Amino acid sequence: MTTFLRENRDTIIIGAGGHARVLQSSLEAMGLVVLGAVEKIGVAAAPGGTLEILGDEMRLSEDLSTEWLAIGVGAVPSKDTTGLHVRRSIYETQVSQRRDRLVSVIDPTAIIRGAVEIGHAVQILAGVTIQTGTRIGNNTVANTGCCIDHDCDIGNHTFVGPGAVLCGSVAVGEGCFIGANATVLPGISIGRNAVIAAGSTVVQDVPPDGYNPR
Ligand SMILES: CC(C)(COP(=O)(O)OP(=O)(O)OC[C@H]1O[C@@H](n2cnc3c(N)ncnc32)[C@H](O)[C@@H]1OP(=O)(O)O)[C@@H](O)C(=O)NCCC(=O)NCCS
């Protein structure tokens, strides 16, 4: 897990939409200082609140070089695609260039119990519960209030939406989108890049690139 308690607490969010503002509040609750956001070219911004727009992403290669970074682009799913490719490409670019600047966001209100393995640059937001024996992959988001129960295995670059419930021993592949308030029954496997609709219940395994409900 990324260590964030360094002398420099200045942080910049990449992306300036709703997810960025949610991250801002968690980062500030962690005691980091959010300088603002850089807009991701081609991704709609949603200005509001107190998140200052510092320019576009090109600024990262100019004068911003010592700050922590957090990926503020969320998901835009449809039945055919998770819409997570932009998040993933930002992560891969940052890792190839300067991995140690991506910060994990773990909201102080999250409850993480027992032996939980947390990857690089994860985002565990307000009110999330993660139970013992679970592994969370790199660049994965556990969004507001979701519950990932015991012994789950969540792959890299996956997005678990607000209020979703993953019962015990669920396996979720890389790059999946799990919609708000979805429920995944115990022991289910969800293949890579699958889309789980908001509010749906997953009662049988979902193949790679699959969709629930069928
Ligand atoms: C599943 C989802 C990705 C589909 O998006 P889409 O491809 O744009 O789907 P559409 O709105 O065109 O709907 C296509 C069909 O699926 C149905 N559908 C859409 N969402 C559904 C859902 N959550 N559950 C069940 N059926 C759904 C629609 O009624 C429609 O049915 P029809 O063809 O019989 O008319 C989207 O509806 C969804 O659930 N998004 C998750 C949002 C979310 O949780 N965001 C969290 C962000 S923080």
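Buried, for this talk, means under 20% relative accessible area. Keep that cut-off in mind. The model is a predicted one.

Start with Phe177. Its relative accessible area is 11%, so Phe177 counts as buried. Now Phe159. That residue comes out at 7%, so Phe159 is buried too.

What do Phe159 and Phe177 form? They make an aromatic pair, and the pair is stacked. The ring centres are 5.5 Å apart, with 15 degrees between the planes. The structure holds 1 aromatic pair. This pair links distant parts of the chain. Phe159 sits in strand E14, residues 159-160. Phe177 sits in strand E17, residues 177-178.

Next, the cores. In soluble globular proteins, nonpolar side chains tend to be buried together. Here, the largest nonpolar core has 29 residues. Ile124, Ile148, Leu166, Val172, Ile178 and Ile190 have the most contacts inside it. Take Val172. Leaving out residues up to four places away in sequence, Val172 touches Asp153, Ile154, Gly155, Thr158, Leu166, Ile178 and Ile190. There is also a second, separate core, of 20 residues.

Last, the ligand. Which residues are around the ligand? Phe159 and Phe177 again, among others including Pro77, Ser78, Asn143, Pro162 and Tyr211. A polar backbone atom of Lys79 is 2.8 Å from a ligand oxygen. For Ala180, a polar backbone atom is 2.7 Å from a ligand oxygen. At Ala198, a backbone N or O atom lies 2.8 Å from a ligand nitrogen. Taken alone, the ligand exposes 910 Å², and the protein buries 43% of that.

Notes
Residues are numbered from 1 along each chain as its sequence is written. This is a predicted model: local features need pLDDT of at least 70, side-chain atom pairs count only at pLDDT 80 or more; totals for chains, interfaces and linings use all residues. Side-chain values use heavy atoms; hydrogens and water are left out. A nonpolar core is a set of buried Ala, Val, Leu, Ile, Met, Phe, Trp, Tyr and Cys residues joined through side-chain atoms within 4.5 Å. Buried means under 20% relative accessible area, exposed over 50%, partly exposed in between (1.4 Å probe, protein chains only). Contact means heavy atoms within 4.5 Å. Rings of Phe, Tyr and Trp (its six-membered ring) pair if their centres lie within 6.5 Å; planes under 30 degrees apart count as stacked, over 60 as edge-to-face and the rest as tilted. Helices (H or I, at least four residues) and strands (E, at least two) are DSSP runs, numbered from the N terminus. A residue is near a molecule or strand if one of its heavy atoms lies within 4 Å of it. A polar contact is a pair of N or O atoms within 3.5 Å; within protein, one must be able to donate a hydrogen and the other to accept it, and residues adjacent in sequence count only if both atoms are side-chain atoms. Accessible areas come from the Shrake-Rupley method with a 1.4 Å probe; for residues, only the protein chains shown count as cover.
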